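The sequence and structure come first.

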Amino acid sequence: MAKKINIKESLSKLEEIASWFEKQKDVDVEIGLEKVKEGAALIKELKGRLKEVENEFNEIKKEIVD
């Protein structure tokens, strides 16, 4: 089974990436591209994990209501 990503840690990493861009006066295009790729991968993983969490909540809700 694949390791579940930690939502809080992933959001923190995204904040670090955004902060890096904000601090740059002259962005190195190559480094910037790598940061964008890393951010995009994190966002994709987060969307999937958030969907899993939503499904888990819905299952619990069904158990409580039924």
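How many salt bridges does the structure hold? The structure holds 5 salt bridges, a salt bridge being a side-chain nitrogen of Lys or Arg within 4 Å of a carboxyl oxygen of Asp or Glu. This is a predicted model, in which local features need pLDDT of at least 70 and side-chain atom pairs count only at pLDDT 80 or more, while totals for chains, interfaces and linings use all residues. Residues are numbered from 1 along each chain as its sequence is written, and side-chain values use heavy atoms, with hydrogens and water left out.

Side chains of opposite charge can pair when their charged atoms come close.

| Salt bridge | N to O distance |
|---|---|
| Glu-56 and Lys-4 | 3.7 Å |
| Glu-34 and Lys-37 | 3.8 Å |
| Glu-56 and Arg-49 | 3.5 Å |

Salt bridges that share partners join Lys-4, Arg-49, Glu-52 and Glu-56 into one network. Within it, Arg-49 is buried at 14% relative accessibility, where buried means under 20% relative accessible area, exposed over 50%, and partly exposed in between (1.4 Å probe, protein chains only). Partly exposed are Lys-4 at 41%, Glu-56 at 36% and Glu-52 at 37%. Glu-52 lies in helix α2, residues 29-65; helices are DSSP runs (H or I, at least four residues), numbered from the N terminus.

The Glu-34 and Lys-37 pair also belongs to helix α2; because the two residues are 3 apart there, about one helical turn separates them. Both are partly exposed, Glu-34 at 47% and Lys-37 at 48%.

Helix α1 covers residues 7-23 and includes Ser-10. Ser-10 is buried, with a relative accessible area of 5%. Apart from neighbours within four places in sequence, Ser-10 is in contact with Ile-5, Leu-42 and Leu-46, contact meaning heavy atoms within 4.5 Å.

Rings of Phe, Tyr and Trp (its six-membered ring) pair if their centres lie within 6.5 Å; planes under 30 degrees apart count as stacked, over 60 as edge-to-face and the rest as tilted. By this rule the count is 1 aromatic pair. Trp-20 and Phe-21 form it edge-to-face, at 4.9 Å centre to centre and 85° between the planes. Trp-20 is buried at 18%, whereas Phe-21 is partly exposed at 30%.

Ile-64 is found in helix α2 and is exposed, with a relative accessible area of 66%.
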